[in-house]
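Open the model in a viewer and follow the selections below in order. Each stop says what to select and what is there.

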Amino acid sequence: MSQNGFGVDLDKSLGYLLKEASSALRVAMEEVLRPLGMSVTHYSCLELLAQRPGLSNSELARGAFVTRQSMNVLLQNLEREGYVTRPAEAPVGKVLPARLTPRGRQSLAKATVAVRSVEVRMLAGMTETEQSGAFRILQSMIHSLRDGGDGA
């Protein structure tokens, strides 16, 4: 129970703290990506395509935590600006697989350096052991929530 007797005590809520950390991370990433003409979603899209070329709009939207509509608009812009390429017609079904262009890979390389600097800053006060522990703990939380909390 919170100090006022209602809801969650935000000072002691791990969920609230995780949301605050996520928000601070996003703000820091936006700050270093903005001079490169990118948003976090733009960067996420390029990073996902570098790791898994040929992803569909829906797969990219899930990976970047945005709606399919938002990702479609972004992909159209990235395609127009020469960062990604998609076939004029879907090879199978309706899916237009996206791939990075050389310009997209070059842009991603610069963004990756900027994003890594944010992660280094975020972890600066932690030992390697603490970083490993935090990583395992966060993975465990995600696993527990995605499995529906059945304890398995």
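The model is predicted. Start by selecting helix 2, residues 40-51, together with helix 4. The two helices pack with their axes 11 Å apart, at an angle of about 75 degrees. Angles of 65 to 115 degrees count as roughly perpendicular, and helix 2 therefore stands roughly perpendicular to helix 4. Show the side chains next: on helix 2 the contact is made by Thr-41, His-42, Cys-45 and Leu-46, and on helix 4 by Met-71, Leu-74, Leu-75 and Leu-78. By class, six residues of this contact are nonpolar and two are polar, with no charged ones.

From helix 3, select Asn-57, Ser-58, Leu-60, Ala-61 and Ala-64; from helix 4, select Arg-68, Met-71, Asn-72 and Leu-75. These residues make the contact, and they divide into five nonpolar, three polar and one charged. Met-71 and Leu-75 were listed at the previous stop as part of the contact with helix 2, and they are listed here for the contact with helix 3.

Now turn to the surface and select Leu-14, Leu-17, Leu-18 and Leu-138. Together they form a nonpolar patch with about 340 Å² of accessible area. Which helix gives the most to the nonpolar patch? Helix 1, residues 14-33, does, with three residues. Leu-138 lies in helix 6, residues 128-146.

Stay on helix 1 for the last stop and select Arg-26 and Glu-30. Side chains of opposite charge can pair when their charged atoms come close. Arg-26 forms a salt bridge with Glu-30, and the closest N and O atoms are 3.8 Å apart. Arg-26 and Glu-30 are four residues apart in helix 1, so about one helical turn separates them. The count of salt bridges in the model comes to two.

Terms used: Residues are numbered from 1 along each chain as its sequence is written. This is a predicted model: local features need pLDDT of at least 70, side-chain atom pairs count only at pLDDT 80 or more; totals for chains, interfaces and linings use all residues. Side-chain values use heavy atoms; hydrogens and water are left out. Contact means heavy atoms within 4.5 Å. Ala, Val, Leu, Ile, Met, Phe, Trp, Tyr, Cys and Pro count as nonpolar, Asp, Glu, Lys and Arg as charged, and the others, Gly among them, as polar. Axes are lines fitted to C-alpha atoms, for helices over the stretch in contact, and angles run from 0 to 180 degrees between N-to-C directions. Angles under 35 degrees count as roughly parallel, over 145 as roughly antiparallel, 65 to 115 as roughly perpendicular and the rest as oblique. Patches are made of residues with over 30% relative accessible area and no salt bridge: like charges are joined within 9 Å, nonpolar side chains (Val, Leu, Ile, Met, Phe, Trp, Tyr) within 5 Å. Accessible areas come from the Shrake-Rupley method with a 1.4 Å probe; for residues, only the protein chains shown count as cover. A salt bridge is a side-chain nitrogen of Lys or Arg within 4 Å of a carboxyl oxygen of Asp or Glu.
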